[in-house]
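Student: I would like to go through this structure by question and answer. Please show it first.

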Amino acid sequence: EWFVTYGDQVYFDPALPESRRHICMVITDIVSRYDVDAIHMDDYFYPYPKQGVDFPDDASFARYGGGFSNKADWRRSNVNVLIKKIHETVRELKPWVKFGVSPFGIYRNQKSDPLGSKTNGLQNYDDLYADVLLWAREGWIDYNIPQIYWEIGHPAADYITLIQWWNKNATREGTHLYIGQNVARTMKADQLTRKMLYERSLSKVKGNCFWPANEILW
């Protein structure tokens, strides 16, 4: 009863307090029993949308959506609550253990928000209901690894445009910014050296996370 089916996958319903409680219980078990450096959350908050198919949470919205005039704001609130609770769970157990996320590489496009990037693609805020800037601003995450998986010069999501945007917007004192790299696309375009050299000119970028690992094995 905690799950909903969307496409060919089954998901915890992000609206349910029971879902958030269970996830935090799992994290409590991991952090308390193992010497981990961090708890990491990938880019799945609400699922990537399927064209013409809405996520099936009408019943949950009817039950828990009081106070919200639209479902999008309510969904973002559900994710915000989970991120904040994970942060609090980790901090209470072992304050030195980090909590971070690797969101999709576009927060918002400029056509949706003047503060967005000059890009044209799927958006964290609008499509995955992930308000990553809020989490960084509030100190709920210790590090951010946006998945900037495109090439320099990509027509819809230029790498340089995006890395500049994240360097400017998605940091706060004490929150680290790393860049998620798509190894195969970067190597195919022969851009690894250019990307690494450019990053070193940006004050907030602390390093890189290369995906997937098997692509860098020889």
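Student: What covers the buried residues of α8?

Tutor: This is a predicted model, in which local features need pLDDT of at least 70, side-chain atom pairs count only at pLDDT 80 or more, and totals for chains, interfaces and linings use all residues. Residues are numbered from 1 along each chain as its sequence is written, and side-chain values use heavy atoms, with hydrogens and water left out. Helices (H or I, at least four residues) and strands (E, at least two) are DSSP runs, numbered from the N terminus. The cover of the buried residues of α8 includes α6 (159-169), β6 (176-182), α7 (183-188) and β7 (205-211).

Student: Which residues of α8 are buried, and which are exposed on the other side?

Tutor: Buried means under 20% relative accessible area, exposed over 50%, partly exposed in between (1.4 Å probe, protein chains only). In α8 (residues 192-199), the buried residues are K195, M196 and E199. They lie on the same side of α8 because they cover an arc of only 95° around the axis, the arc being that of the directions from the helix axis to the C-beta atoms. Exposed on the other side of α8 are T193 and L197.

Student: Is N78 buried or exposed, and which residues is N78 in contact with?

Tutor: N78 is located in helix α3. N78 has 6% relative accessibility, so it counts as buried. Contact means heavy atoms within 4.5 Å. Leaving aside neighbours within four places in sequence, the contacts of N78 are P14, A15, R20 and Y46.

Student: Why is the pair of Y46 and F55 edge-to-face?

Tutor: Rings of Phe, Tyr and Trp (its six-membered ring) pair if their centres lie within 6.5 Å; planes under 30 degrees apart count as stacked, over 60 as edge-to-face and the rest as tilted. A search of the whole structure gives 15 aromatic pairs. The ring centres of Y46 and F55 are 5.3 Å apart and their planes are at 85°, so the pair is edge-to-face.

Student: Where are Y107 and Y125, and how many residues apart?

Tutor: Y107 and Y125 form an edge-to-face aromatic pair, 5.9 Å centre to centre with 65° between the planes. The pair links distant parts of the chain: Y107 is in the loop between β4 (98-101) and α4 (124-128), while Y125 is in helix α4, and the separation is 18 residues.

Student: Which residues do ring pairs link into a cluster?

Tutor: Two of the residues, Y46 and F55, are buried. The cluster linked by ring pairs is Y6, Y11, Y46, F55 and Y129.
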